[in-house]
Structures are given as structure tokens and as C-alpha cells.
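Here is a colleague's note for someone opening this structure for the first time. Please keep the 3D view at hand while reading.

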Amino acid sequence: MKSKGKLVIIGGAVNKGSFTETNFDQNVEKNLNFFERGILRKIIDESKLKEDSVIEVITTASQIPDIVGPEYKKAFEYLGAKNCNILDIQNREQANSDAIVARANAADVVMFTGGDQLRLTSILGGTRFHDAILTKYQTEDFIYAGTSAGAAAASENMIYQGSSSEALLKGEIKTTQGLGFIENAIIDTHFVQRGRIGRLFQAVVNNPRTLGIGLGEDTGLFIQDDIMTAIGSGLVIIVDGLQIKDTNLTNVELGQPISIKNLIVDVLSMNDTFDMKTREMTIVNSQYNPIPQVSAE
């Protein structure tokens, strides 16, 4: 069944600034890269009721929810959002409560902050809150947005541990089940700065049906109807394992390097698209598009 909702997954930001700074308005271009490049603006514009949409900022993944939640609330309000709230769910009992489920059912957008994705899934996974937002995503004009941990947890499977420098050694990454908003994909964040390409290679070679998605800082994907569109200022790396021809994966011991033949890697920048069904990328600003016509003379 095709989902009616939309996803906005964000790789995280570096030196994003703070809305608590007294001179924020005067230096808005230096504060919060999401704002500068329009990712939060995109969330509002794509939401059901635009500025009137009910937005719930979910701070469960963070160890500093009292700081992170107000930052996003102020960011959304700066962009004109009128109904932005903070929902700090700290245990499974809360996530199963009538009050929390009622807020989930009333929301048009849920925005998951960064932090620890394993904390996010272990607290929310399988709860009534999780079921409510998953059902809304499948059946309504609803947005799941997540940055960093919130993005990593959006997929069916997620990476929760693994050294960047040693990730292409057998057994160096650990995966578990995510929140299940994206099927047959796995997401890694802070991707370019922290050199995590090897983590994604290993996740894909373990099961080539899985599409690897690497999000750079201040970069995201807008996903609707199986079409992913790059948003933000950085790069999105797509790793496709369907055409893998050979690997030594099952013949090497744990900790040994993995060989992979014919792994496909695409690199998307702003406004480029990737079709998750056909596995085809389109470069919007292609140097070959339109193809020049050759004169018959």
C-alpha cells in the first residue's frame, strides 16, 4: 500500500547556532543552517495546514531535551508556525498513554530531534504512539520529519553503532530495526564530515535489496510517492547493491576487510531526485540536458 504521507529526513547540522542568542535576528543567516537553506521552511510548506499545522517536536532521542526542544520550537515559530509544541516522551509508559496518543492523532507534523537513535527506538518502538504516527503516515496527509538520530530511525533497518574508520571490516557495524517509515532502506547521517561511507557499504552488501542513504550535514531528503528529492546545501549519497556481482563477505573472518564488485554509488545535490522503485537518479542541472541538437548542415 502506497503511503499518503511525506518524509523529511535531515543529516544534521554543524555549528547551527542558537535561537537563544540575543542578536539572533541580526545574524539569522549565521544561525541554524536548516533555516538558511529552507529545510524547516519546506516542512511547513508541505504540511497539511501550512503555518496553521500542528507540529510536535519529539525530543526523546536527546539527552538535553530542555535545550533542544525550545530551539526547534523557536525555529518553527520564526518561520511563522502558529501551533508548534514540544513532546518529551521519556519512557514507554508515557508513549502508551492516552494523552500522548491524542497529541499524536492531532498532529500534522512530527519532528524528531537528534540524539541517540537506539534510545529513540527502544522507548518508542511498538508503542501506541509509534502505531499512531505510522498509521497517520500511511493513511493521511502527514509529515514525519527527523534530523540525525530522528532521520536514522525512520527506516525499516537502522545503523546504531560502528566505527567510521573500520566500517568495511566484517562485523564492524551494528544494525537493528528502525521505526519503519521507509522500507528496504538504511540511513546514515553526519555522513560526509564523519567519513561514514564504509558503514553504508557494509550495510548494503549484507543485504543488497537494502538501499543505502547517506545524508551530509545541512542536507536532507524530501520523500513522497517513492521519489526522493535532495534539499539543503550538502550532498546525499545513494548506495545501490542490486547490481553487486561478487563479494568475499561470507569467506572472511570477523574483522577482515570486505571486497565488493560492482557497487553503484550516486551523489545527489540540491533538487536532484532518485526513484526508489526504478533506482534511477535524475540530475536536475545536468550538463547533458537538454541534449544539443546537431545541425544537418
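Predicted model: local features only at pLDDT ≥ 70, side-chain atom pairs only at ≥ 80, totals over all residues.

1. **The largest pocket.** Start here. The largest pocket has a volume of about 680 Å³. Its lining counts 24 residues, and F181, I182, E183, D226 and K277 are the closest to its centre. Find these five before looking at the rest of the lining.

2. **What lines the largest pocket.** Which classes of residue make up the lining? Ten residues are nonpolar, six are polar and eight are charged. Two of the contributing elements are α7 (128–139) and β10 (219–224), and each supplies at least two residues. Helix α7 gives the most, with three residues.

3. **Salt bridges in general.** Side chains of opposite charge can pair when their charged atoms come close. How many salt bridges does the model hold? The count comes to twelve. Three of them are taken up in the next points, including the pair D141 and K6.

4. **D141 and K6.** These two side chains form a salt bridge, at 3.9 Å from N to O. The pair links distant parts of the chain, 135 residues apart. D141 sits in the loop between α7 and β5 (143–147), while K6 belongs to strand β1 (residues 6–10). Are the two partners buried or exposed? D141 counts as partly exposed because its relative accessibility is 34%. K6 is buried, since its relative accessible area is 9%, under the 20% cut-off.

5. **E51 and R41.** Here the side chains meet in a salt bridge of 2.8 Å, N to O. E51 lies in the loop between α2 and β2, and R41 lies in helix α2, so the bridge ties together parts ten residues apart in sequence. E51 is partly exposed, with a relative accessible area of 28%. R41 is partly exposed too, at 24%.

6. **K136 and E140.** This salt bridge has an N to O distance of 3.7 Å. K136 counts as buried because its relative accessibility is 5%. E140 is partly exposed, with a relative accessible area of 34%.

7. **K50, a positive phi.** Check the backbone here. K50 is not a glycine, yet its phi is positive, at about 55 degrees. The residue is found in the loop between α2 (39–46) and β2 (54–58). K50 is partly exposed, with a relative accessible area of 38%.

8. **R279, another positive phi.** R279 is not a glycine either, and its phi is about 60 degrees. Where does R279 lie? Its place is the loop between β16 (273–275) and β17 (280–282). R279 counts as buried because its relative accessibility is 16%, under the 20% cut-off.

9. **I39 and L221.** I39 is in helix α2. At 0% relative accessibility, I39 counts as buried. I39 and L221 are 182 residues apart in sequence, but 9.2 Å apart in space, C-alpha to C-alpha.

10. **P70 and I86.** P70 is part of helix α3 (residues 65–78). Its relative accessibility is 28%, so P70 counts as partly exposed. From P70 to I86 the separation is 16 residues in sequence and 7.4 Å in space, taken between C-alpha atoms.

11. **A nonpolar surface patch.** Which residues form the patch? L235, V265 and V267 do, with about 210 Å² of accessible area together. V265 lies in strand β15 (residues 264–268). V265 is partly exposed, since its relative accessible area is 38%.

Key
Residues numbered from 1 in each chain as written. Heavy atoms only, no water. Patch = residues over 30% accessible without salt bridge, like charges linked within 9 Å, V, L, I, M, F, W, Y side chains within 5 Å. Areas by Shrake-Rupley, 256 points an atom, 1.4 Å probe, with all protein chains shown as cover. Salt bridge = Lys/Arg side-chain N within 4 Å of Asp/Glu carboxyl O. Helix = DSSP H or I, 4+ residues; strand = E, 2+ residues; numbered from the N terminus. Buried < 20%, exposed > 50% of the residue type's maximum accessible area, 1.4 Å probe, protein only. 1 Å grid on protein atoms, 1.4 Å probe; cavity = no way out; pocket = protein on both sides within 12 Å on 5 of 7 lines; lining within 4 Å. Points joined across faces, edges and corners; volume = space filled by probe spheres on them. Nonpolar A, V, L, I, M, F, W, Y, C, P; charged D, E, K, R; others polar.
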